[in-house]
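Reader: I am new to this structure and would like a careful, close look at one part, its charged pairs, together with their surroundings.

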Amino acid sequence: MTDTVEQLLRRIETLEGEAEVRRLQARYMFLCDTPCPEFGVADDAHRIDLIMDLYAEDAVWEGVGEYYDGQFGRLDGQAAIRAHFERFWSPDRDPRLVLNAHYLTAEQIRVDGDTAAGQWIHIQPWLFSDGTSLLRSSRLNNAFRRVDGHWKITRTRTENVFVAPLRPDFAESFPAASVLMRP
């Protein structure tokens, strides 16, 4: 009986870990969408703070492969990852990003105690303030660790699948700000 209970507890912990990793990855993508749909996010600095709360102190963010090596490279630790996002959402960036949404598919999550790995394919349309636009798809191979009872991202690793131009101003109607989560 004791063995059965222990096996069931391990299975429950694994299922709960998978659910937490899924929520963590989805929250990251949600916070990276533009306009940011999270209610109460005052500006991109606040958005970056919320994203950084998802990462472990020793996390790595890297773009790999022939397309992403030169574009993103490797960032070690929270300070380097924060600087990457600060450049991305810089108020001086021109053209600025006005629309982007992340769609995740082909999920695979494996939990092993307090660590986990997950793979996804994601696709996202981008629209910039000058009307230029593109459709990007990447494969993700991310790692996670439970830190003080909470799952954190320890590695974001992305490889390009494709980048394709979209017609200028492909989205004819989109909000300047999201009100989705407003009470």
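How many salt bridges does the structure hold?

Author: This is a predicted model, in which local features need pLDDT of at least 70 and side-chain atom pairs count only at pLDDT 80 or more, while totals for chains, interfaces and linings use all residues. Residues are numbered from 1 along each chain as its sequence is written, and side-chain values use heavy atoms, with hydrogens and water left out.

The structure holds 11 salt bridges, a salt bridge being a side-chain nitrogen of Lys or Arg within 4 Å of a carboxyl oxygen of Asp or Glu. Side chains of opposite charge can pair when their charged atoms come close. One of the bridges joins Glu-38 to Arg-27, with the closest N and O atoms 2.9 Å apart. Glu-38 sits in the loop between α1 and α2 whereas Arg-27 belongs to helix α1, so this pair ties together parts that are 11 residues apart in sequence; helices (H or I, at least four residues) and strands (E, at least two) are DSSP runs, numbered from the N terminus. Arg-27 has 29% relative accessibility and counts as partly exposed, the class between buried (under 20% relative accessible area) and exposed (over 50%), with a 1.4 Å probe and protein chains only.

A second pair to consider is Arg-82 with Asp-49, whose closest N and O atoms are 2.8 Å apart. Because Arg-82 lies in helix α4 and Asp-49 in helix α2, this bridge ties together parts that are 33 residues apart in sequence. Both partners are partly exposed, Arg-82 at 26% relative accessibility and Asp-49 at 36%. The side chains of Arg-74 and Asp-76 also meet in a salt bridge, at 3.0 Å from N to O, and Asp-76, at 48% relative accessibility, is partly exposed. Through bridges that share partners, Glu-62, Arg-74, Asp-76 and Arg-157 are joined into one network.

Leaving aside neighbours within four places in sequence, Tyr-28 is in contact (heavy atoms within 4.5 Å) with Ile-51, Leu-54, Tyr-55, Trp-61, Phe-85 and Ile-153.

Finally, α2 (44–52), α4 (78–88) and β3 (97–100) each supply at least two residues of the lining of the largest pocket, and α2 gives the largest share, 4 residues. On a 1 Å grid over the protein atoms alone, where a cavity is a set of points that a 1.4 Å probe fits but cannot leave, a pocket is an open set with protein on both sides within 12 Å along at least five of seven lines, and lining residues have an atom within 4 Å of a point. The lining of the largest pocket has 23 residues, with Thr-34, Asp-44, Arg-47, Trp-89 and Leu-97 nearest its centre.
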